[in-house]
Structures are given as structure tokens and as C-alpha cells.
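Hi,

Here is the model I promised to pass on.

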Amino acid sequence: MCGIVGYIGKKDCVSFLIEGLKRVEYRGYDSAGIVVLDESSSSIHIKKSVGKIIDLEKKIDNRDIGNLGLAHTRWATHGEPSMENSHPHISNNKKIYLVHNGIIENYISLQKRLEAKGYKFYSETDTEILVNLIESYYTDDIELAVKKALFDVKGTYGIGVLHVDEPDKLIVARLGSPLLIGIGENENYFASDPASVISKTDDVVYLDDKEIGVIYKDRVVHKNLEDEIITKNIEKIDIDVQEIEKDGYEHFMLKEIFQQPRTLIDTMRGRIILDEGTTNLGGLRQHPQVYNALIKAEKIYIIACGTSWHSALIGEYMIEEYAKIPVEVEYASEFRYRDPIISEKTVVIAISQSGETADTLAALKEAKRKGAYTIGLCNVVGSTISKVTDAGVYLHAGPEIGVASTKAFTSQVMALALITVDIARHKDMSFREGYKIVKEMKLLPTLINSILDNSMVVKDIALKFKDAKNFLYLGRGFNFPVALEGALKLKEISYIHAEGYPAAEMKHGPIALIDKDMPVIFIAIKDAIYDKVITNMKEVKARNGVIITIASYGDEEIESISDYVIKIPDTTNLLMPILTVIPLQLLAYYIAVEKGFNVDMPRNLAKSVTVE
Ligand code: M6R
């Protein structure tokens, strides 16, 4: 979603700000803007553009220089993508510039209050209200004015503020939207994403909610909203720059699909105890109270959105079957408003790649408020969800840049399997069974490589079906959520309508759609319910449906019922989704590429959905 970058120092910062914005381009945006102030000449330069950062760059000329500045990519919420609505926003007296991520929920009442004082508004945004609210409190101290304004605000914000009369400092603050300060030598930076500052420094301070940073060239003062000075730790950014490059791949999504053998090794690293047939997750065991609550839980809720919700469904199947604890999977956006029943025997697991998803965060806060122990499964280290949960498991999949989640999904499923084995081994799971599962885990990277080696089979199928208007994805058991995930991937990046269903559910409605123009993708691997899936396939064939099947190596029977077959190796049932999803990721990718779409930045989508 929106991205923020800022700089204060002695050098011209335009190229740093633009580069910083490009580093978060993948998060999704529809307009961009920059403001820089040249302290020596007191001249201010602001440029905005609707569309891509490259269009903004074209508007910048060699007169646009400055040694402090703010930049922003906007994902439209209040008002369409337009010059007026894009950031930075300017106060009526043209002295204060503001970039903002988040939503000011009470902006209408604030607007009325300001209009009564004579303020005029030129955009449809909540951000323009905030910048003028700050102006309304300003006498001669921008830090004080920001603090006073933030006391009036309801909602979420990550902000950067510049006042032309106080060019020695920039002010930043956060509530619910990520913000970090990068520490340099005689220059400092800030951003909503560490990727924006990594080219300059790996020393950063993460702001917590209701904190303010006053950033000078040579120091940073941290305060809370009550104006008390606070001490913050400098942390190291845990990103390898190569991780945020395409590395020779045509798209980040393709790179991330092909990275999965390695990212799964990273998710498993140090967490498997083969000779005890179990797993060890430090992020859980270091919190004995939470760990014990999990093992003894009478109920587990898993809350998530999108792809993470699909991995949560797989987690439900795993935990119920092996650890024997009832699990309920909820869309985070629903959980929050539905008054779920939570007791001290309930544990809530939140799954989020980004760790910043507003719906998941809000649901988590509700769960905490009701007294549940909370566990986070996040990929982004230091993200808000990873911080607000009582314990957690990092995925260690590395930065996921493609908007369509791939490697985070398989790492989420792996993390859930690791948790399942850990709990189950405290219960009825035998050493033999635990050993079998963890041994299979270790084989997965090699098995995925064998699927990736056959990616051309999937590409050929993609070429044949790229013009289809609808797809149906069907699977059963552990592979039902994979059917949902395959359909979501296709929708997201190729804009083809696709639905996922449990295969048996097809006859209760979707079967009406089956004809020769409806490709139906079956996940029909040789497991306990294989024969049932074959029956469902025959029902489709009887109605002239076209069948593409993800099947097990060595399954000859499947060829006669399918029009196209993608063969994959087998593993134990709870890990199977990690294999069956790979061809579906590839299929979505190749179809989108064939259709000429921007795979890494699909229309309307944002990588990290920080608004409700
Ligand atoms: O960062 P999160 O895992 O919390 O994100 C949740 C969804 O927004 C996300 O999975 C979304 O559905 C992806 N675009 C899926 O590819």
C-alpha cells in the first residue's frame, strides 16, 4: 500500500527519495509525490504525478534539489488517484508538508472544525485535514503542533512532517502504520519499509505506536505523545540487498516461486529434532506460558486474510487431525466484529506475511482484549503483528516482493506443520509418526525442485488456456484450501474469474457451470480420498468439462479421465499442499505473462493491506 520515505542531511536527497520509493513500488500504489527543501536557498520544490514513479521522475529537473525532503506513494482510499489527492499535502499557509499512511477516521468532524476557522480544502483526502490541523496548532514549534494535532486524531497514521521555517528537523510519528528511522552519519532517513533505506544503512529504530521521532541531521530524539523522552534500541535490518533484486528472473513472482526449495529450508532451519521425531520452535518455547497454553488449549482460532487464510485452513486440518485440538479459521475482518467466544483456554494464531494487515491486526487486538494468548506467524521481522503477539514463529522466507503471495504460503504451511508436530508429540503422536513427518519435511526441497524442473509442462497448458474466461479449482481434504489458493492466484494476476471448491461440493451447484469451455483443475493425488475425487472427475467428464489434473507420479489411471495431467511426487498428506500448490502458482504466472499483465504489480492490489 502507501509508502513513505524521508531524508535530512547535507546532500541532495532527490535520488535517494526516488530510489526509496522504487524499493516499495511492489506494495501497490496509484500516484506518487516528493517535496524537497534546499536549506541554503530556502527554496522548496514539490512534484506529484498520477501513475508510476517513472512518471514522477520525468517531472523532476535539475532545479529540484534539497537537503531534506519527503516522498510518498499513494494507494487511493479517500478520493480517486489524482494530482490533488496525492501526497505530500500542504497546509493552507504553504509552510507545512505532510506524507501519511493510514486513515484518519474522524476526518469529517475535524474538517468541519477547521472550516469553521476558515480553512479551505482542495483534495478529498483525510491527510489534507491532518496537515491543516497541525497548522492550526502551530505557533513556533512544529514538534508541539504535531503532538497536539495527533491527540485529536482517531484512526491510524505513519507520518512524516516538514516545516519550511524549521529546516533543521523532520518529525515522524506512528499509530498502527509502520515507520522506522534509519541512522546515518550526519544524515538520517525514515521510511515505512526497511527496503527503502537499506542502500544507506542497516541501523534502524522501529517506532512503536504513539511515538514521535524528531529527526535532525546528526541525532534523533524519541518521545511519546505525552512529551516524555524515551530510549529506543538501534536494530539491524535483516535484509540481504540481493533478496530485493530480481536476480536475473523476469519477475519477482517467478523468482519467489523458484526460491521455494530454499525458503522452506530456511523455515525449517534449526527447528527439526529428527532423532526425537519432533520439532522445536524457539519463538514458542521461549514463552513457556504461551507454549503451555497452546499445548493445553481447548480451542484454537486462526485468523488471517487472503492467501494467509488459505494456509490457516490447512492448519485447521493439520491441528485437528494430529494434535486433536478443535480449530476454527476466521477471516480476520469478520472475527473482530462477530464477538467470538474466547476463554483462557483459547489460543489465537494470527497468520500474516507482511505482519501489517490492518484487518488481522485489529482482530488480534480484539482477541487480546478478550484475554486470549496470541501467537503470530509472520514473515516480516519486526512487523507490527510480530510485536503485538505474545509469542511467534517467523517464516524466514525472505522479502516477498511479488504482490501475489507464493513462497510465504508454502512457508506458512510449513510453519503450521512444525507447530502441529510439536503439539501432537506432547499428545498421542508416536515417535514413529513424528519421525516420518519430520523426515518427509526435509525431503520437500528436493521434491519441489523436481516439480520446478517440469515447469514447461505447466507453461504449455497455460498457453492453451490463457483465453478461458472462467476456471474451477477442485480438491479435497488438505488440498481443498490449495484449490482456493490456486483460484486466488489466477484471479489476482491474470484477472480471470476462478473459483475454488471442495471437489464433492461441485454437485451442489457449480456443476451447472460445467461445459466444454470451462477448464476444471482437479488436485487428485493418491491419498485416502483419491477414489472419491475420481468420481467427481467423472461427473465433470460426463458433462464435457475439460479436466486438468495435478496427479501423483506413476498414476496411469488418471490419464484416461483427464485432458491434461501435471505429475508431481508424493509426500505425507499434511505436507502435500506444499507440493500441489507449486504447479498452480506456475499456471497463474504463465497465464498472466501470456496475457501481457504486470505480474508483480497487479491492478488494484497492494502487497500489504494496511487499511480496514
Ligand atoms: O500480509 P498478509 O499475509 O496479512 O496479507 C494477507 C492478504 O492481503 C494477502 O495474502 C493477499 O491475499 C495476497 N495478495 C495473496 O496473493
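The protein has 20 helices and 26 strands, taken as DSSP runs (H or I of at least four residues for helices, E of at least two for strands) and numbered from the N terminus. Before you read on: this is a predicted model, where local features need pLDDT of at least 70 and side-chain atom pairs count only at pLDDT 80 or more, while totals for chains, interfaces and linings use all residues. Residues are numbered from 1 along each chain as its sequence is written, and side-chain values use heavy atoms, with hydrogens and water left out.

On overall shape, the C-alpha trace spans about 80 × 55 × 45 Å along its principal axes. Of the 612 residues, 61% count as buried (under 20% relative accessible area, with exposed over 50% and partly exposed in between; 1.4 Å probe, protein chains only). Among contacts (heavy atoms within 4.5 Å) with a separation of 6 or more, 71% are between residues 24 or more positions apart.

Now the helix pairs. The axes of H14 (residues 407–425) and H15 (residues 431–453) come within 10 Å and cross at roughly 165°. That makes H14 roughly antiparallel to H15, and their crossing is left-handed. For the conventions, axes are lines fitted to C-alpha atoms, for helices over the stretch in contact, and angles run from 0 to 180 degrees between N-to-C directions. Angles under 35 degrees count as roughly parallel, over 145 as roughly antiparallel, 65 to 115 as roughly perpendicular and the rest as oblique. Left-handed means the near helix is turned anticlockwise from the far one by less than a right angle, right-handed if clockwise.

On the H14 side you'll find Met 414, Ala 417, Leu 418, Val 421 and Arg 425, which meet Phe 431, Gly 434, Ile 437, Val 438, Met 441 and Leu 444 of H15. By class, this contact has 9 nonpolar, 1 polar and 1 charged residues (Ala, Val, Leu, Ile, Met, Phe, Trp, Tyr, Cys and Pro are nonpolar, Asp, Glu, Lys and Arg charged, and the others, Gly among them, polar). Also in H14 is Thr 420, which counts as buried at 0% relative accessibility. Leaving out residues up to four places away in sequence, Thr 420 touches Met 318, Ile 319, Tyr 322 and Ala 323.

H3 (residues 107–116) and H4 (residues 126–137) pack at about 45° with their axes 10 Å apart, so they are oblique to each other. Their contact has 6 nonpolar, 3 polar and 2 charged residues, and the crossing of H3 and H4 is left-handed.

What about H7 (residues 260–268), and how many of its 9 residues are buried? The count is 7, so H7 is largely enclosed by the rest of the structure. Its buried residues pack against H6 (252–258), strand E15 (272–273), H14, H15 and H20 (576–594). Just after H7, Gly 270 takes a positive phi of about 70°.

Lastly, Arg 23 sits in H1 (residues 14–23). Beyond its neighbours within four places in sequence, Arg 23 is in contact with Ala 195, Ser 196, Val 241, Ile 244 and Glu 245.

Cheers
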